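These are my notebook entries on one protein model.

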Amino acid sequence: MNKIEQQNIQVGEIANGLPLTIPVYRLKGDGTGKNVYIQANMHGAEVQGNAVIYQLLEQLKNLGLHGDITLVPYANPIGCNQKSGEFTLGRFDPITGVNWNRLYHYNAELVSHFAEQSDSLCDQDLIAQFKAALVDDVEQRLNGPQHALSTGKRIALNLQRLAHQADIVLDLHTGPISAKHLYCPEYARASARYFNIEHVLLIPNEFDGAMDEAAFCPWWELQTQLKRRGRDFEVPVEAYTVELGSQERIDLTEALDDAQSILSYLNYQGLFVDAAYQPESMQRHACYLKDYVAYYAPMGGMIEYLAGLGEHLKAGDAIARILRMERYLSEEALHTLRFDQDAIAILHFASASVNQGTELYKFFTNTFEL
């Protein structure tokens, strides 16, 4: 049985001066495989990832490991305690209003400088030195002027320091009311087939502040710059946002299925000495990020959501009905909403009460089988 070590790392201080900490669990491999970093609950209401980490630990403690695995539940202790009545908020920093998952760091100048200085390095040394440079870059910011770091930035940098030490990074999230789906960098699309996830969103080499982008964008950009210099270089890091379904719910049985999906992918990556985890046979539907379309409420009212999660829709199909009782005597009170493209419904807003302009649905369009 593998030894599981726990460390509580400090990521800040709260108003009474006490430390703000997060738990970090580690399992050691034999040093011959890739290292893995998995975190959950960066957004306060997105709690299912904690159950998945529990189920992963239950499996991993009995598996022979080639690489080290680091798991971080409750990655944002402020967000998961950010309550309003019975609801968990925790998507945005309540002080700054910034999305907690848009605070990670990317240093484009570091990538350019490293590409220019790497001609004499073999791939193995290049990977080791660039990984160390990424970690050092984050540590310099953490150890710099303390007044320059917001609460969210400090949390993000502490998490990113752990992630940059890994070869595989998984950030576990959920949607409001959502089907399972995977954010996958375009260069790693072949690997997406090893998760038991039916819907795959292929994302470009563009940094928008999220953890998966912070992990893969530096390596992808390094590959691009080395190619311009005439050198072929395979991106050695894969990073994904894994969307586990809907927020504000824990389902331990489903979490075991999600854990086995992740273990299937890790088995494909050679993490285990002897394990039989394999991907399920299923059709996997993909679209590019540019074809991931938001549908906003054209009017305010009370919504009945008609399009089921994961449902394949034809252009013109009804997706929702809006009830506007204040207009009952003056005009039609019930309005049917339709979407004008073939699409797959991926997620919808959590509440039935919406203002005009609320994001009601997100759809995969121009889909293809992966």
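Helices (H or I, at least four residues) and strands (E, at least two) are taken as DSSP runs, numbered from the N terminus. The model is predicted, and local features need pLDDT of at least 70, side-chain atom pairs count only at pLDDT 80 or more, while totals for chains, interfaces and linings use all residues. Residues are numbered from 1 along each chain as its sequence is written, and side-chain values use heavy atoms, with hydrogens and water left out.

I then recorded the pairing of β3 with strand β4 (residues 69–72), which is parallel over 4 bridges; two strands pair if DSSP finds at least two bridges between them. How many residues of β3 are buried? I found 5 of the 5 buried, so β3 is largely enclosed by the rest of the structure. Here buried means under 20% relative accessible area, exposed over 50%, and partly exposed in between (1.4 Å probe, protein chains only). Val36, Ile38 and Ala40 point one way from β3, and Tyr37 and Gln39 the other way. In a regular strand the side chains alternate between the two faces of the sheet.

**The sheet**

I traced an open sheet of 10 strands with mixed pairing, in the order β1-β2-β4-β3-β7-β11-β9-β10-β12-β21. Its edge strands, β1 (4–13) and β21 (368–369), each pair on one side only. I noted that α5 packs on the sheet, where it touches β3 (36–40), β7 (168–175), β9, β10 (199–203) and β11. The direction of α5 makes about 160° with that of β11; axes are lines fitted to C-alpha atoms, for helices over the stretch in contact, and angles run from 0 to 180 degrees between N-to-C directions. Strands β9 (residues 181–185) and β11 (residues 238–246) pair in the antiparallel sense over 3 bridges. Within β11, Glu243 is the bridge partner of His181.

**Helix α2**

Which residues of helix α2 (residues 108–117) are buried? I listed Leu110, Val111, Phe114 and Ala115. Seen down the axis of α2, these buried residues fall within an arc of 130°, so they line one face of the helix; the arc is that of the directions from the helix axis to the C-beta atoms. The face turned away from the buried side of α2 carries the exposed residues Glu109 and Gln117. Among the elements covering the buried residues of α2, I noted α3 (123–142) and α5 (211–228).

**Two buried residues**

I located Glu46 in the loop between β3 and α1 (48–60). Glu46 is buried, at a relative accessible area of 3%. Leaving aside neighbours within four places in sequence, Glu46 is in contact (heavy atoms within 4.5 Å) with Asn41, Arg91, His173, Thr174 and Gln247.

Ala215 lies in helix α5 and is buried, at 4% relative accessible area. Not counting residues up to four places away in sequence, Ala215 touches His164, Val169, Val237 and Ala239.

**Cysteines**

I searched the whole structure for disulfides (pairs of cysteine sulfur atoms within 2.5 Å) and found 0. Cys184 is buried at 0% relative accessible area, and Cys287 is buried at 0% relative accessibility.
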